[in-house]
Amino acid sequence: MAVKFLYAGGVGEIVEKKSRFIAETAPVHSEEEAAAFLETIRKKYWDAGHHCSAFVIGEKNPVTRCSDDGEPSGTAGRPILDILLGEGISNACVVVTRYFGGTLLGTGGLVRAYGQAAKAGLAESIVLERHPGVEMQFTTDYSGIGKIQYVAGNMGLAETGSEYTEVARLSYMVPAELADALSAKITEATAGKTKIEELRKVDFAFYGKELLVL
């Protein structure tokens, strides 16, 4: 099952009745990293009135926290957290800094503004999907190379390596749920003449066409 996660942070901003809401995001893997990021933002925007935040850590959201930082209870941190949970994004921290513009927004206005700011920050970030996978290696004679490449190509698999000596060794990153089906198809395509090995179990993602092993 794929899980969304924050790969690289970004900065977004909205203005509501002259109040500026600046949202910065960062990948985090612990509460300590989230606290350090929040402190960095506090120092960066030292003259702002509020630095409201939320973070989600872990694929099934075992750790979630949010802070209103002086705004009315439930009007800032919770809307930011709801955006993260609603988008299903893990290992992410969002801090929204507010510069007061002189006009009170009311509780409903604050909820909308902080939520919209969080969306703006995430829109400028890089969010990827993490997949559980298996790197598999196929050892075959030269007559089997094209058959393996054909099967792998039809399944949209990324090649991770190749070696050509007296035999050919081709490696692919395979979504865990497709490993058995791939083995069966290659065994059939090469009439059982391919040695199939699982090299390692890893999580992976794609950044454009680039394969990332996580």
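Arg 130 is buried in this predicted model, with a relative accessible area of 14%, where buried denotes under 20% relative accessible area, exposed over 50%, and partly exposed the range in between, as computed with a 1.4 Å probe on protein chains only. The residue lies in strand β8, which spans residues 126-140; helices (H or I, at least four residues) and strands (E, at least two) are taken as DSSP runs and numbered from the N terminus. When neighbours within four places in sequence are left aside, Arg 130 is in contact (heavy atoms within 4.5 Å) with Met 1, Ala 2, Val 3, Phe 5, Glu 59, Asn 91, Asp 203, Phe 204 and Leu 214.

The model is a predicted one, in which local features need pLDDT of at least 70 and side-chain atom pairs count only at pLDDT 80 or more, whereas totals for chains, interfaces and linings use all residues. Residues are numbered from 1 along each chain as its sequence is written, and side-chain values use heavy atoms, with hydrogens and water left out.

Glu 135 is buried at a relative accessible area of 9%, whereas Arg 200, at 38%, counts as partly exposed.

Across the whole structure, nine salt bridges are found. One of them joins Glu 31 to Arg 65, with the closest N and O atoms 3.5 Å apart; because Glu 31 lies in helix α1 (residues 31-44) and Arg 65 in strand β5 (residues 63-67), the pair ties together parts that are 34 residues apart in sequence. Both partners are partly exposed, Glu 31 at 36% relative accessibility and Arg 65 at 42%.

Five strands form an open sheet in the order β2-β3-β7-β4-β5, with antiparallel pairing, two strands being counted as paired if DSSP finds at least two bridges between them. β2 (11-16) and β5 stand at the edges with a single partner strand each, so that one side of each is left without a neighbour in the sheet. From one strand to the next, the twist averages 15 degrees, where axes are lines fitted to C-alpha atoms, for helices over the stretch in contact, and angles run from 0 to 180 degrees between N-to-C directions. Between β4 and β7 the antiparallel pairing extends over seven bridges, and Ala 54 stands opposite Val 94 in β7. Helix α1 lies across β3, β4, β5 and β7 and runs at about 160 degrees to β4, while α3 lies across β2, β3, β4 and β7 at about 150 degrees to β2.

The largest nonpolar core has 24 residues, and those with the most contacts inside it are Phe 21, Ile 80, Leu 84, Val 94, Val 96, Tyr 114 and Leu 122; such a core is a set of buried Ala, Val, Leu, Ile, Met, Phe, Trp, Tyr and Cys residues joined through side-chain atoms within 4.5 Å. At least two residues of this core are supplied by each of β3 (19-27), β4 (50-57), α2 (77-87), β7 (92-99) and α3 (106-123), and the largest share, seven residues, comes from α3. Beyond its neighbours within four places in sequence, Ile 80 is in contact with Cys 52, Ser 53, Ala 54, Val 94, Val 96, Tyr 114 and Ala 118. Apart from this core lies another of 16 residues, among them Met 136, Met 155, Tyr 172 and Leu 182.

The search for disulfides, defined as pairs of cysteine sulfur atoms within 2.5 Å, finds zero in the whole structure. For Cys 66, the nearest cysteine sulfur is that of Cys 52, 9.9 Å away, and Cys 66 is partly exposed at 39% relative accessible area. The sulfur of Cys 93 is 11 Å from the closest cysteine sulfur, in Cys 66, which is too far for a bond; Cys 93 counts as buried, at 1% relative accessibility.

How values were computed:
A salt bridge is a side-chain nitrogen of Lys or Arg within 4 Å of a carboxyl oxygen of Asp or Glu.
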